[in-house]
Amino acid sequence: MICSAYGQNGIDQGIVIFDQDKVNKQVINLSGKANMVIETDSFLITSVQEKNRYYLEFYADQKRFDRIETTYFYSYGHFSNGYLLLASFNDGIDSTYHLETKKWCHHKHHRDGFVRNGRSHYIQKIKEKIISIDNAYQQIYCYEDDELKKFTVINFDEFINLRLASYDLDKNELYINTEVSNEVIVLNLDTLKECYRIKLSDNKQVFSGGHSYDAVHKKLFISMRKEDCIYVQDTTNQL
């Protein structure tokens with residue numbers, strides 16, 4: 001299990017790697033805040049924030065072999081077909097970076113009527129689409145190309161704070177948890193039209209932080225902050 005850690009008092013700040021039993025750990029110390037780790041077949045990639053400077057750092061065998069200064073600080077990333085897909089929560093920016101050509105492409109989120117920055121919270125390639133979620137603008141971006149030029153936008157008019165996504169290719173469903181309304185919104189993967197919603201809690205003091213999906217057993221696991229628990233939802237009977 002590979003985690004990124006803010007650290008405390010200079011201890012365990014960086015990438016923390018646990019063994020299979022989650023007993024022993026190895027730490028790759030970083031010089032700043034890290035908020036994501038991307039694993040490829042042969043190395044790890046993380047983003048690092050040092051005061052007002054940002055970097056992508058590359059590690060193999062726990063040693064850094066490359067470092068790239070970036071314009072934005074990325075908090076979520078995914079590796080697909082030679083591209084790094086990167087989301088900047090701070091700036092509401094989606095970016096792609098091709099590892100061989102070293103070419104960058106960027107797209108800034110936008111929504112009429114909003115004066116603050118967007119918050120790009122999630123990005124991943126699912127089937128042939130790159131799906132991005134904006135936590136501030138209540139939007140889903142669906143890119144059709146790796147250079148982020150062709151896209152459609154799905155706007156939600158409710159203030160629900162879309163957060164993270166998972167999916168089931170067999171059921172052809174996309175799952176997005178919300179941190180204000182405490183729901184899981186289920187969309188059709190091909191059309192991105194809403195199929196149904198799963199209500200988690202009516203308690204306004206808690207919020208859904210993150211989730212994962214077990215496609216084999218058809219179960220969603222959703223963490224609920226301030227309740228310190230995990231909700232388990234069987235999606236088998238949901239139509």
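The legends below describe close-up views of a predicted model.

**View 1. The protein chain as a whole, with zero helices and 22 strands.** The radius of gyration is 18 Å, close to the 18 Å that the globule rule gives for 239 residues, so the chain is as compact as a globular protein of that length. Along its principal axes the C-alpha trace spans about 50 × 45 × 35 Å. Buried residues make up 48% of the 239. The accessible surface of the chain comes to about 12,700 Å², and 46% of this belongs to carbon and sulfur atoms. Of the contacts between residues at least 6 apart in sequence, 36% join residues at least 24 apart.

**View 2. The open sheet of four strands, in the order β12-β13-β14-β15.** The pairing in this sheet is antiparallel. β12 (120–126) and β15 (151–155) stand at the edges; each has a single partner strand, so one side of each is left without a neighbour in the sheet. From one strand to the next the twist averages 15°. β12 pairs with strand β13 (residues 129–134) in the antiparallel sense, over six bridges. Within this pairing, Y122 stands opposite I133 of β13. Y122 counts as buried, at 0% relative accessibility.

View 3. Strand β20 (residues 207–214) pairs with β21 in the antiparallel sense over six bridges.

**View 4. The ring pair of Y74 and W104, from a structure with 13 aromatic pairs.** The ring centres of Y74 and W104 are 6.0 Å apart and the planes stand at 10°, so the pair is stacked; planes under 30 degrees apart count as such. Y74 is in the loop between β7 (63–70) and β8 (76–80), while W104 is in strand β11 (residues 104–108). The pair thus links distant parts of the chain, 30 residues apart. Y74 is buried, with a relative accessible area of 1%. W104 is partly exposed, with a relative accessible area of 25%.

**View 5. The ring pair of Y76 and Y122.** The centres of these rings lie 5.0 Å apart with the planes at 50°, so the pair is tilted. Y76 lies in strand β8 and Y122 in strand β12, so the pair ties together parts that are 46 residues apart in sequence. Y76 is partly exposed, with a relative accessible area of 23%, whereas Y122 is buried at 0%.

Notes:
Residues are numbered from 1 along each chain as its sequence is written. This is a predicted model: local features need pLDDT of at least 70, side-chain atom pairs count only at pLDDT 80 or more; totals for chains, interfaces and linings use all residues. Side-chain values use heavy atoms; hydrogens and water are left out. Two strands pair if DSSP finds at least two bridges between them. Helices (H or I, at least four residues) and strands (E, at least two) are DSSP runs, numbered from the N terminus. Axes are lines fitted to C-alpha atoms, for helices over the stretch in contact, and angles run from 0 to 180 degrees between N-to-C directions. The radius of gyration is taken over C-alpha atoms; the globule rule is 2.2 Å times the number of residues to the power 0.38. Buried means under 20% relative accessible area, exposed over 50%, partly exposed in between (1.4 Å probe, protein chains only). Contact means heavy atoms within 4.5 Å. Accessible areas come from the Shrake-Rupley method with a 1.4 Å probe; for residues, only the protein chains shown count as cover. Rings of Phe, Tyr and Trp (its six-membered ring) pair if their centres lie within 6.5 Å; planes under 30 degrees apart count as stacked, over 60 as edge-to-face and the rest as tilted.
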